[in-house]
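Today I opened a new structure and made some notes as I went. Come and look along with me.

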Amino acid sequence: MKEKSRPRLSKALTGISGLDEITLGGLPRGRPTLICGGAGCGKTLFGLEFLVRGATKFGEPGVCISFEESGHDLAMNVASLGFDLEKLQRTKKLVIDHIYIDKSEIAETGEYDLEGLFIRLDAAINSIGAKRVLLDTPEALFAGLSDVGVLRSELRRLFGWLKEKGVTAVITGERGVGTLTRHGLEEYVSDCVILLDHRVQNDAVTRRLRILKYRGSTHGTNEYPFLIDEHGISVLPVTSLGLTHGASKERISTGIAGLDDMLSGQGYFRGSSILATGAAGTGKTTMGAHFVDAACQRGESAILFAFEESPQQLIRNMRSIGLDLGRWVKKGLLHIEAARPTAFGLEMHLVRMHHLLAEYKANVVVIDPISALLPGGSAHDVHALVLRIVDFLKQSGATGFFTSVAVEDDMQSTALSISSLVDTWILLRNIEVNGERNRVLYVLKSRGMAHSNQIREFLLTPHGVQLRDVYLGPGGVLTGSARVAREAEERRELLRQRQSEKDRQLSVKVALRSLDAKIAELQAEKEARENQLIAAIGENEQQKAALLAERDSLRRSRGMIDSSGRSPRPNGRESKP
Amino acid sequence: MKPVKQTKAKTAKTKPTEPRYDLRLYVAGQTPRSLQALSNLKKICEEHLTGNYRVEIIDLLKKPQLAAGDQILAIPTLVRTLPKPARKIIGDLSNTERVLVGLDIRLLR
């Protein structure tokens, strides 16, 4: 409680992305800050962005006193960064005063002071109620005035006056030999000193920023890389990210059905890091492209950093396996960022990644190949960089897919020694057997999920990567034509089985049918016999009737019968019908 | 002390033509240094320019917006606007010789 009630140093946000995080809230309000650095390291731009952001974002008008460049030149220089100084001047948010001394037209005689500078500054500040001031760079005065003693005391007075005035001032100073600034401005400005640096390493330039001193405030003490691009300056607080990132349970497809199956049927974890290593031509880029394609199909945003191919080339090549990445680029879901790894320093790559990730809000990031960064610095530097990339992607919740070129006979170690950093490691190999070369892959590790232990052959088909079924031969997994032969054999076997099955069915059917025929035959015979029987009975009756008739006519002829036809019957049964 | 005011056309000898030397003295309030400069200037002008000059005294405390036009930084500053090209002399003008050289005035004697 006591801590909180204590008055704290008031700070003015710079609006420069990243800097306010490092300084924990900006530059000391109402105090001067010295920005020093060599030629071309971005001092003036730093100061101008401080003013422009103040005017546009924080409602704090600013005054720029330029001792070197005219207002017009300044406006031209920063127009490419989207800063419209002329408009700001028109809308009374910015005043630019160009102060210069031409030594050739000035003679000095007797005592003088720099009250004129104070008056001009004061008038400028009052005219728009400025809260921010940029002095760029007062050291130029040393070239115009010969009385260094006066100049020094006047500068000291100036910085004191600025403080009294309560404006937040940025003063730039060119770096001197052995000193921070050529004329020792740091002696007068002691509240906050920021050092800009412009370093060439392996032919690549990296800009770095370091807060040398910040009186009354804690601050990040490291060297931070920064970038000047069309958005102005961005500083990256990229070190010392704790392992505090969340862990998603969500799974996302690898884009390859067979590979999903190998990873317990669901693919990678969202937000995890995946490494695919393999020698040249094992299909690493293709795996990455599949992953990107799957992400875009889900409607997610993806960035592909291509260090070896141009976007057009990549799109063309992937089209040959049925992946149309071009449509995702057109839709704005995919951004392919192609650059030679040696185009910038390592830090610069990281900065650009930061930038693009923030710009496109990417869910999936593919770096192809991450090992291309290796020549950019010492092994230690590269390792640190990759660590930062991995950490940074995890922090932002993006799923990272890195490819890495590995030497064929040293598959289990990566040159970057990042294998322990990644969550899922897929190994791609070429197997040379029977005079051919076939691609196989296996999952070396995949944290937090059951995964297949099998070595699977995969084919690059016009419909993408396809994993083949596993055939084990006497010498291990069968690949290539051995597998094809085995597949054919299996098919033949299946066919044979099917044929014999058919045969068996047929023979039973034939037997049944013959039985049926036999049954029919017997039935017919039975009917014939029955008919015979009926016929025999009928004949018998007829004979009997004929016999009777005969007997009647005989009896009649003997006169034994009356005219009514009645005759005494030999037996009672017949006489009573 | 005499109040500093804009003094125009201090012509001693009557000549209707434009004075050859047009001078401006920039000061900031009545500091001893400003007054010193003013009195030094008067002396030099009267001795060496004898009427062929015009002096304008500008107090930047009253008209700060005028400072930018002549790129005034140091106080006091004497600007020779005519004859062209413009020349500037900063300081309290205590070294007459340097002032004369600075103003490019050839000594009459």
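I started at Leu515(A), which lies in helix 15 (residues 480-557) of chain A; helices are DSSP runs of H or I with at least four residues, strands are E runs of at least two, and both are numbered from the N terminus. The model is predicted, so local features need pLDDT of at least 70 and side-chain atom pairs pLDDT 80 or more, while totals for chains, interfaces and linings use all residues. Residues count from 1 along each chain, chains are lettered from A, and side-chain values use heavy atoms without hydrogens or water.

Next I looked for the largest nonpolar core, and it has 41 residues (buried Ala, Val, Leu, Ile, Met, Phe, Trp, Tyr and Cys joined through side-chain atoms within 4.5 Å). Phe159(A) and Leu162(A) are among those with the most contacts inside it. Helix 8 of chain A gives the most to this core, seven residues.

I then checked Phe159(A): leaving aside neighbours within four places in sequence, its contacts include Pro32(A), Leu135(A) and Tyr188(A) (heavy atoms within 4.5 Å). A second, separate core has 39 residues, including Phe291(A) and Phe401(A).

Cys192(A) is buried at 0% relative accessible area, and Cys296(A) is buried at 2%.

Note on methods: Buried means under 20% relative accessible area, exposed over 50%, partly exposed in between (1.4 Å probe, protein chains only).
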